[in-house]
Amino acid sequence: MSKRNDCRLCGSNKVVCFLNLSNMPRAGAYLKKEDLEKPEISYPLDIYFCENCYSIQLLDIIPRETLFDDYRYLSSVASNSVLEHFEMYANEIDNLLTKKSDLVLEIACNDGILLKPIKEKGINCLGVDPASNIVSVAKEKGLNVINDFFGEKIAEKILNEYGSAEIIVANAVFAHVDDMDDMTSGISKILSNSGTFIFEVHHLVDIIEDMQYDSFYHEHFSYHSILTLSKFLKKYNMEICNVKKISIRGGMIRVYAKKFNNNKIDSSVIEFMNQEQKLGLDKLETFQKFAKEVNEHKLEILNLLKKLKSEGKKIVAYGMSGRGNTLLNYWKVGTEIIDYGIDASPERYDRYVPGMHIPIKSPKNSLLGVDYALLLAWIFKDDIIKKENDFIKNGGKFIIPMPKPHLEP
Ligand SMILES: [Zn+2]
């Protein structure tokens, strides 16, 4: 692994660590049974604030080849509300285009959760994704996907072969990229002068307001606000023209940027910046206070889990994503408290949580005889509680960890 000593967005070395979530294996490194006896590699999970551009980021970098080659996250293994979200997203893109032959490029298209509905509308589209196992899934769906990391080099190739793009989409991508300069300069190269670059990122406001420190993990290098993004995009001749709040995955924003070209700027851009400033996202003290609250939150959830366990209750975990793995490793909660984890993604069955070695099972019959399910996938709370109605009818309760630990129903 390597360590940066400068800010990934602005290059300043005025970067200060405000939160240390302890050393832990990377959140996506699920173990097979035969791996359990082997030593695991742990990495620091330290979060930094840049005093120059106010961005929040990790500076300890695990090489991207290690992170993404066998990426165990299939977007389409998602709840209905997420699928619906992408269906509507595809409609919006369709409406933005003047003709179907205009190129739509999606960076990190995963298994095609968005690209598929776009293609079904007859739109000329292309995807790029670095994970070879996931690209095969997308190709099986008949999608045109290049298996590579997106950057200047691949941008050049696409431009020669397909021409410029009217729309470039990048969902949850900016968080995952160490070399944001290479990616953004590639985007600026392909985007037509009238084109729109649309991307979704977690909004730093939600992370701070809802105690979402589980969105800090090694695979997420940066955490964004409009304040920092607008400065950053300027470097590549782009400006933010509109921002929309998206309610999925614990609160995201969808940002619309265009090349400088007398664009009409929606009032949302200023509104978001004002909100961020009001919350103090441009001040180190805000994040130092947040770090203190994170520590208190940890003690609170540990007290609750230990109390229930001492009463002889059977506790399992529900939704074993990277976010949940961060929490379990930071809390140091393993099989002494959690019997097993439950996850809907078949790729995770019969695997173990990195670091804490909790076994993962499919949801089928796994809640029988369980008293409490720790809902690590709390961002999908409404869907999951609806789906596991039988568990609740039988007297089961969910432990919702965020923003404040509590039981439901
Ligand atoms: Zn910076």
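Let's start with S321 and what touches it. Leaving aside neighbours within four places in sequence, S321 is in contact with Y30, D343 and R348. One caution before going on: this is a predicted model. S321 sits in the loop between β14, residues 315-318, and α11, residues 322-331. Is S321 buried or exposed? Its relative accessibility is 19%, and buried means under 20%, so S321 counts as buried.

Stay with α11 for a moment. The loop between α11 and β15 holds K332. Phi of K332 is positive, near 60°, and K332 is not a glycine. K332 is partly exposed, with a relative accessible area of 46%.

Go on to the loop between β15 and β16, where we find D350. D350 is also a residue other than glycine with a positive phi, near 60°. With a relative accessible area of 63%, D350 is exposed.

Now helix α9, residues 267-278. Does its length agree with its residue count, or disagree? At 1.5 Å a residue, its 12 residues should span 16 Å. The C-alpha atoms at its ends are 17 Å apart, which agrees.

Which residues of α9 are buried? They are S268, V269, F272, M273 and E276. Around the axis they cover an arc of only 135°, so they lie on the same side of α9. Turn to the face away from that buried side. There you see the exposed residues I270, E271 and K278.

What covers the buried residues of α9? The cover includes two helices, α7 (204-209) and α8 (226-234). It also includes two strands, β12 (238-246) and β13 (252-259). Just after α9 comes G280, with a positive phi of about 80°.

Take α8 and α9 as a pair. Their axes come within 8 Å and cross at roughly 125°. That makes α8 oblique to α9. From α8, the contact uses I226, L227 and S230. From α9, it uses V269, F272, M273, E276 and Q277. By type, the residues of this contact are five nonpolar, two polar and one charged.

Next, helix α5, residues 152-162. Its buried residues are I154, A155 and I158. Their arc around the axis is only 105°, so they share the same side of α5. The face turned away from the buried side carries K153, K157 and N160, which are exposed.

Now a pair separated in sequence. V82 is in helix α2, residues 80-96. V82 is buried, with a relative accessible area of 1%. V82 and S247 are 165 residues apart along the chain. How far apart are their C-alpha atoms? The separation is 10.0 Å.

Last topic: cis peptide bonds. The bond from M402 to P403 is cis, with omega near -10°. P403 lies in the loop between β18, residues 397-400, and β19, residues 406-408. E408 and P409 are also joined by a cis peptide bond, with omega about -5°. P409 lies in the segment after β19.

Technical notes: Residues are numbered from 1 along each chain as its sequence is written. This is a predicted model: local features need pLDDT of at least 70, side-chain atom pairs count only at pLDDT 80 or more; totals for chains, interfaces and linings use all residues. Side-chain values use heavy atoms; hydrogens and water are left out. Helices (H or I, at least four residues) and strands (E, at least two) are DSSP runs, numbered from the N terminus. The expected span of a helix is 1.5 Å times one less than its number of residues. Buried means under 20% relative accessible area, exposed over 50%, partly exposed in between (1.4 Å probe, protein chains only). The arc is that of the directions from the helix axis to the C-beta atoms. Contact means heavy atoms within 4.5 Å. Axes are lines fitted to C-alpha atoms, for helices over the stretch in contact, and angles run from 0 to 180 degrees between N-to-C directions. Angles under 35 degrees count as roughly parallel, over 145 as roughly antiparallel, 65 to 115 as roughly perpendicular and the rest as oblique. Ala, Val, Leu, Ile, Met, Phe, Trp, Tyr, Cys and Pro count as nonpolar, Asp, Glu, Lys and Arg as charged, and the others, Gly among them, as polar.
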